[in-house]
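Colleague: I'm new to this one. Could you take me through some of the ring and charge contacts?

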Amino acid sequence: MAQEQNKGQNKNPKLKKPKFNIFWIYILLLAIIIYIWTSGYGSSKSSVSKEVTWDKAQKVLLNRDFSAIKVVNKEYAEIFIKQEAISRGDTLYNDIYKNDGGVFSNNKITLDNLNASYIYKFVTFDDFRQQLDLISNQWTVEDTLNKGLSESQKADIIAKNHINPVSETKGGFWLQNSGWIISTLFIIVIWIVFFRFMGRGSSGAGGGGLSGLFSVGKSRAKLYDKDQNTHVTFSDVAGLEEAKVEVMEIVDFLKNPDKYTKLGGKIPKGALLVGPPGTGKTLLAKAVAGEARVPFFSLSGSDFTEMFVGVGASRVRDLFNNAKAKAPCIIFIDEIDAIGRARGKNAFNAANDERENTLNQLLTEMDGFGTNAGVIVLAATNRADILDKALLRAGRFDRQIYVELPEVKEREAIFKVHMKNLKFDKNEVSVDFLAKQTPGFSGADIANICNEAALIAARRSKQVIGKQDFLDAVDRIVGGLEKKSKIISPKEKERIAFHEAGHATVSWMLEFANPLLKVTIVPRGRALGAAWYIPEERQITTKQQMMEQIISLLGGRASEQLTFGDISTGALNDLERATQMATAMVKYYGLDEKVGNRSYFDSTGQSEYSMQQQFSEKTAELIDERVDLLLREAYASACKILEENKDNLRVLAELLRDKEVIFREDVQNIFGPRKWADSIDGIKPEETPKQESEAQQEETNNQ
């Protein structure tokens with residue numbers, strides 16, 4: 001019975017303790033501030049004022065019982081009474097202070113802390129000014145009457161008796177106290193935000209405890225649980241077949257661990273996705289999250305960094321603690337080079353570097369003294385060469401999955417994925433043709449082409465996307481927007497035409513030069529003209545192939561020298577690329593007889609912060625000499641080819657100047673068929689467009 005009574009008492013709502021509400025504190029604080037404003041608490045004197053008529057104000061002024069006169073907003077005058085005048089006990093001031101119980105009698109107010117004033121509301125300020133002048137004149141008459149004063153003495157008395165009221169402009173209550181009100185409200189708002197930020201419940205992977213300001217060390221990883229699908233699967237990832245096999249094995253292990261453990265095998269603890277930007281590393285990780293059906297923690301390498309010392313390491317610990325609680329699971333760290341850069345490479349770093357502390361904690365969590373059973377770490381980077389060696393060793397990132405630029409078949413599959421939702425003319429647009437026109441393009445580039453083609457078609461008010469829209473999209477992405485409004489003089493146009501015709505002529509006469517697709521002198525982006533090629537997809541390149549590429553690059557400047565007798569600044573991009581290629585031949589690939597089979601290329605990135613050269617000054621001079629010799633030989637070869645085809649060069653340049661855009665067929669009509677077959681010859685004749693795309697551009701910069 002007693003227990004039942006206790007239960008009944010606990011159910012009584014009247015016995016429940018009232019819930020504390022922090023807003024009562026804010027209301028109390030506001031009430032205290034308002035009381036301080038209205039009561040004048042904290043001031044040294046008590047202010048007493050009373051409105052009077054001119055008769056009484058005039059008596060005060062004539063008796064000279066005032067200390068100052070203040071005119072407020074030219075609406076009324078505030079006449080401050082001297083304390084000695086009140087202390088005389090004159091009945092004139094009984095309405096202000098009376099010891100035996102007057103209207104303003106108060107035991108807290110004494111003559112010492114009394115600040116008394118009369119308020120007189122005049123009709124106009126000019127009238128009040130005249131009234132004051134009359135009182136001043138009356139003072140002067142009293143002070144000078146029958147005293148035999150000189151004129152100068154009279155002038156001094158007149159100046160002394162002149163009443164000068166002080167003017168003051170006052171606003172209403174809110175305007176006068178706006179500073180206090182704004183500052184107080186600001187403090188209250190900051191207080192509310194602070195307590196809400198401090199007391200907000202943690203969400204996501206952090207879980208539990210304080211968050212906000214006091215959870216700065218919590219992990220910022222976004223958790224995709226079994227019920228949260230990223231809507232990206234392996235079917236959305238095209239062209240990465242080898243990489244998909246690697247990560248699918250990890251997914252399969254998480255789904256069916258017994259399949260591997262019964263044979264004594266262990267799944268790798270980590271896999272690093274390495275490849276150029278835009279090749280689909282992050283997309284592949286999203287597909288893993290969609291396929292795994294296990295908890296998937298996703299975050300960026302920069303999410304570990306913070307202005308507070310020790311936060312990065314704390315977030316790493318919190319991330320792995322949450323992952324262990326949900327094992328088996330996957331952690332994906334995008335752009336891991338933000339925290340995984342090799343340690344000790346920068347001598348100017350502080351001894352206690354926050355990034356290195358974060359990396360040390362990550363190394364410990366991945367394969368330290370403790371165990372992380374069932375936690376697999378995926379990471380992505382395009383700078384694997386700068387990562388710390390300890391991060392790449394066995395037991396941490398056991399596998400490095402290379403995500404390379406797609407080949408032609410892979411590009412075709414990528415086009416099909418991104419064109420799935422596009423409305424295009426299937427009879428006109430060939431996916432195979434587009435794949436052949438875009439060597440060297442990444443998956444992100446192809447996605448951009450598809451989107452840009454749709455925008456171009458919509459701009460032209462088309463119902464479907466045509467082949468020309470895709471080709472214009474390629475031109476737009478690689479070369480930039482056409483600048484039809486750029487004004488080019490006839491002489492400049494002629495020089496640009498001969499420059500681009502020189503590129504086309506030299507490349508047509510060389511076996512290993514990139515196959516020419518079209519030549520244009522229409523300004524696009526920063527280029528005033530361009531020769532468009534489709535480079536052959538080679539896995540290795542010979543010395544002769546690289547040399548002929550350099551000769552082709554120098555064909556534009558050689559054409560200017562041969563035709564006009566001087567050269568211009570338009571070959572900047574050509575010279576830059578030719579110099580880089582010649583330097584690579586000598587310095588990196590060991591393709592020079594004098595320098596020999598030596599390479600000074602550092603694939604590990606160890607020399608990035610090195611203060612010393614990898615070779616002596618004598619070797620540096622030799623490298624400069626051999627690079628210069630290669631460039632001179634290439635320029636001489638370009639001049640020789642153009643000299644032998646001088647007439648055809650002029651015909652091609654004039655045709656280009658008149659039409660502004662010429663194609664492979666125009667060059668073939670002038671020079672005849674090439675002696676060597678190339679990749680373009682594999683394209684069917686009906687697929688050869690009237691305006692074709694490109695994969696590589698030689699710019700003629702306007703310097």
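Modeller: Let's go through the rings, then the charges, then the cysteines. This is a predicted model, where local features need pLDDT of at least 70, side-chain atom pairs count only at pLDDT 80 or more, and totals for chains, interfaces and linings use all residues. Residues are numbered from 1 along each chain as its sequence is written, and side-chain values use heavy atoms, with hydrogens and water left out.

Colleague: How many aromatic pairs does a search of the whole structure find?

Modeller: Twelve. Rings of Phe, Tyr and Trp (its six-membered ring) pair if their centres lie within 6.5 Å; planes under 30 degrees apart are stacked, over 60 edge-to-face, and the rest tilted.

Colleague: Why is the pair of Tyr600 and Phe615 called edge-to-face?

Modeller: Their centres are 4.8 Å apart, so they pair, and their planes stand at 70°, so the pair is edge-to-face.

Colleague: What makes Tyr600 count as buried?

Modeller: Buried means under 20% relative accessible area, exposed over 50%, and partly exposed in between (1.4 Å probe, protein chains only). Tyr600 has 10%, so it counts as buried, and Phe615 at 15% is buried too.

Colleague: Which residue has its charged end over the ring of Phe564?

Modeller: Arg495, at 4.5 Å from the ring centre. The rule asks for NZ of Lys or CZ of Arg within 6 Å of the ring centre and within 35 degrees of the ring normal. Lys467 lies over the face of Phe433, 4.9 Å from the ring centre.

Colleague: How do you know that Cys329 is buried?

Modeller: Its relative accessible area is 0%, so Cys329 is buried. Cys450, at 1%, is buried as well.
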